[in-house]
Amino acid sequence: MANMAQAIRMALHYGEENLGLKEIFGEDVGPPLGGVFTVTQGLKTTWNSPLDERGIIGAAMGLGAAGRRCVAEVQFCDYIYNTIDLLKLAGMQSWASNGDWNMPMTVMTPVGSGIRGSIYHSHSFDATMTHIPGWKIVMPSNPLDAYGLMLACLKDPNPTMYLKPKALLRIRGQEKIPGEPDLTPEGEKQLKEMIDAPLGDRSKWKARWPQLEDYTVEIGKAAKVREGEHLTIVSYGRTLPLAVQAADQVAAEGISVEVIDMRTLWPYDWQMISESIRKTRRVIYVNEDTEVTNFGEHLVRRTVEELFYDLEARPKLLAGAFIPGIGLADTLEMASAPQLNHIVDAIREVAAERA
Amino acid sequence: MTMEETQLKRSSAQTHTPKPSRPPMAAHLAPTKAKAASSPKHQFRLAPQQLIQIHDLMVKSRVLEERLIRMYKQSDGYFWIGGPGEEAFNIPLGLSVKKGQGPQFDYLHLHYRSSGILLAMGAEPISFIRQMKNVASDPYSGGRNFANHASIKAWNVLPITSTIETQYQTAIGTGIAQMREGGQGLTIVNGGDAGTAEGDFASCLVWSTRPNEELPILIIVTNNEWGISTPANTQHGESHIADRARAFNIKSRTINGNDVEESFFAIREAMDYIRKERKPYMIEARVSRLYGHSSASGANLVTNESDPLTLFEDQLESAGILSKQEMADLREKYNTEMLEMAKRVKEEPLPDASTIYDHVYAGQKGKYW
Ligand SMILES: Cc1ncc(C[n+]2csc(CCOP(=O)(O)OP(=O)(O)O)c2C)c(N)n1
């Protein structure tokens, strides 16, 4: 089964072959490395850029303006902060020109904790990014969605931000990407041999791509990954699989949890979220960005404003500690961003609250 | 322009803002006395027809900017910024553009002093007047943006932004598209001298000279020796901004942008080189800033900078191409036309409040979430 890095790579290949994707670039994105997380190995339109994040975003904007489809990578979202005004401009081009220009371009960047990345390789970007209008923002939590969301971005006429949860890039999926080899250990090995660059000399290596098919996850559509009765958890990215695990764990205690994977942060699927909350009457939003002016706070606000009388418990946000970064030591990282035990505790707390 | 500038505008209406002292003046910027009658006949290299066309556009551009300033002063607009003093460079530039849509044509990543370029390309003065008055019919931003923030997709003119220097970043991208797709199209980017301190300017130099991936970009700096109020010589130690090109083996020149023919031929040479060699070229054009930085500093005529239009008119008269009377008549004609336009625009409606969400996304109308 493909892992998320392979799934994104296959989506980019599909884009090159079928969706007019012509430039994939960023720091160390081209050969020989193919990206610090191997996401861009073996693709035909990749190239290495100067070490200049502002240049990367500016180049993507100009390419978008020229109608030349690109995916630009910022190596870690920790280093995207010096491009904020350019991200604002990209999101603004259509609006500021009253519809004269649009800006088809995709930026991808790894986000979040989970790989012991310490202070400068563990930041999240969803809170900051969702504050910038004009972008569509996606964040997969499994390989199949990673594939489908990338194709959706490549088909969209607007700037799209593709947040890659770095803790999940090596996790294998449970569903087959249309066209990938069989879901067996044999198929897994086969895929690796086909599309993972070998260690050592790669100068003669060429990827052998499976016959991939179109598969799009519509931007703005969430997924219900667990049906439940007593409580809704809304999450995305790294914390989504943890939410599912937590739901499975508390099921034994008789708490039935519905889990929604947002998949798209903007525009988001309020219909699915609100219907679920109306049903369960209790909600926990979970993400790992820092908790103050967190995207989840917006969702809580909307929950309170629109669903107040449907609630049986206070809506809760479980998010990262409001500190400058994530400390390296295991104890520090575990205490800084939501982990499985935090989610389980939060479920018990909210489930137990009296109406 | 930022909020503080809008506020500056308001406060400067009430309080006296001290006039900053001038940096030592470059020779070409020093005001010259009109000496047409006594000096020997001026020799032009361009044909009379071309000179007359350039003059016409220079006057049109100047009168437009002066109309916009008047509109500001009469409260028919909240803020003015523009390009009076840059006409001798901007008109020849606009006339040299390969105009059209897509990578086979020139892309323009401009700053807010570029009305001359756009008028020379064929833009309508009334479009600028509409944007100044922020009426719904403003074709550049639908009443959303300041004056001189044009956007013309059909001519590859990207939306002009107030953010200093970011245009040197977006220029990289259209440059890459043109490098890949071949042909004759090039990318033009312009901006002021103070902005070159931003990293974005350096980005443009680095990205346009990656080995074997050079980009067809005309990198222009219009050097008026000022930021808003900060003199260039208090912040910049380099002898010429154009010298920075040398480290990247970019061909470059510093020219007197107040001289029509010097500008014209420098631009043509640069463009010919870029179209053929598919490599960048830098022009630093020394220009004047005739009405200060913007309305934030009062938008009043300064008398200690040379006026490229006066200089050119002296030359035209001396060469016997146009008489003072003809030139005065032309100015009057445009004055009347643009006054009429401003009156017309004054009656036009502002954008409807219900449109605030329109176009946040491509093709989208109304609230989107
Ligand atoms: C990124 C950014 N910083 C600051 C400003 C405020 N600002 C507007 S114009 C200006 C001076 C620009 O000077 P220069 O680059 O020489 O261009 P000029 O206006 O003289 O043509 C400043 C500081 C801005 N608009 N954008």
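This is a predicted model: local features need pLDDT of at least 70, side-chain atom pairs count only at pLDDT 80 or more; totals for chains, interfaces and linings use all residues.
**View 1. Chain B as a whole.**
Chain B has 369 residues, and 58% of them count as buried. Its secondary structure comes to eleven helices and five strands. The chain exposes about 14900 Å². Carbon and sulfur atoms supply 52% of that area. Take the contacts in chain B between residues at least 6 apart in sequence: 77% of these join residues at least 24 apart.

**View 2**
The size of an interface is often given as the accessible area lost when the parts come together. Here chain A and chain B bury about 3300 Å² between them. Carbon and sulfur atoms give 62% of this buried area. Chain A brings 43 residues to the contact, and chain B brings 38. Which residues of chain A lose the most area to chain B? They are A:Trp95, A:Asn98 and A:Trp101. Together these three account for 20% of what the chain A side buries.

**View 2. Helices α6 and α7 of chain B.**
Two packed helices are described by the angle between their axes and the distance between the axes. Helix α6 of chain B covers residues 167–181, and helix α7 of chain B covers residues 199–207. Their axes come within 8 Å and cross at roughly 20°. Angles under 35 degrees count as roughly parallel, so α6(B) is roughly parallel to α7(B). From α6(B), the contact uses B:Tyr168, B:Gln169, B:Ile172 and B:Ile176. From α7(B), it uses B:Asp200, B:Phe201, B:Ser203, B:Cys204 and B:Trp207. By class, the contact of α6(B) with α7(B) has six nonpolar residues, two polar and one charged.

**View 3. Two cis peptide bonds in chain A.**
Most residues other than glycine have a negative phi, and most peptide bonds are trans. The bond from A:Pro31 to A:Pro32 is cis, with omega near 5°. A:Pro32 sits in the loop between β1 (23–26) and β2 (46–48) of chain A. Another cis peptide bond joins A:Trp266 and A:Pro267, with omega about -10°. A:Pro267 belongs to the loop between β10 (264–266) and α8 (270–280) of chain A.

A:Lys136 is found in strand β5 (residues 136–138) of chain A. Is this lysine, A:Lys136, buried or exposed? Its relative accessibility is 16%, so A:Lys136 counts as buried. Leaving aside neighbours within four places in sequence, A:Lys136 is in contact with A:Asp156, A:Asn158, A:Pro159, A:Thr160, A:Met161 and A:Ile219, among others. The list also includes A:Trp266 and A:Pro267, the pair joined by a cis peptide bond. From chain B, B:Tyr361 touches A:Lys136. A:Trp101 is 35 residues from A:Lys136 in sequence and 16 Å away in space, C-alpha to C-alpha.

**View 4. B:Phe312 in helix α10.**
B:Phe312 lies in helix α10 (residues 308–318) of chain B. Its relative accessible area is 1%, so B:Phe312 is buried. Not counting residues up to four places away in sequence, B:Phe312 touches B:Phe44, B:Leu51, B:Ile54, B:His55, B:Met58 and B:Val260. B:Ala88 is 224 residues from B:Phe312 in sequence. Their C-alpha atoms are 8.0 Å apart in space.

With a relative accessible area of 71%, B:Asn249 is exposed. B:His359 is in the segment after α11 (324–346) of chain B. At 13% relative accessibility, B:His359 counts as buried.

**View 5. A:Pro241 in helix α7 of chain A.**
A:Pro241 lies in helix α7 (residues 239–251) of chain A. A:Pro241 is partly exposed, with a relative accessible area of 28%. Residues up to four places away in sequence aside, A:Pro241 touches A:Ser141 and A:Leu168. A:Leu168 is 73 residues from A:Pro241 along the chain. The two C-alpha atoms are separated by 9.2 Å.

How values were computed. Residues are numbered from 1 along each chain as its sequence is written. Chains are lettered from A and ligands numbered from 1 in the order in which they are written. Side-chain values use heavy atoms; hydrogens and water are left out. Axes are lines fitted to C-alpha atoms, for helices over the stretch in contact, and angles run from 0 to 180 degrees between N-to-C directions. Helices (H or I, at least four residues) and strands (E, at least two) are DSSP runs, numbered from the N terminus. Angles under 35 degrees count as roughly parallel, over 145 as roughly antiparallel, 65 to 115 as roughly perpendicular and the rest as oblique. Contact means heavy atoms within 4.5 Å. Ala, Val, Leu, Ile, Met, Phe, Trp, Tyr, Cys and Pro count as nonpolar, Asp, Glu, Lys and Arg as charged, and the others, Gly among them, as polar. Buried means under 20% relative accessible area, exposed over 50%, partly exposed in between (1.4 Å probe, protein chains only). Accessible areas come from the Shrake-Rupley method with a 1.4 Å probe; for residues, only the protein chains shown count as cover. Buried area is the accessible area (1.4 Å probe) that two parts lose on being put together, summed over both.
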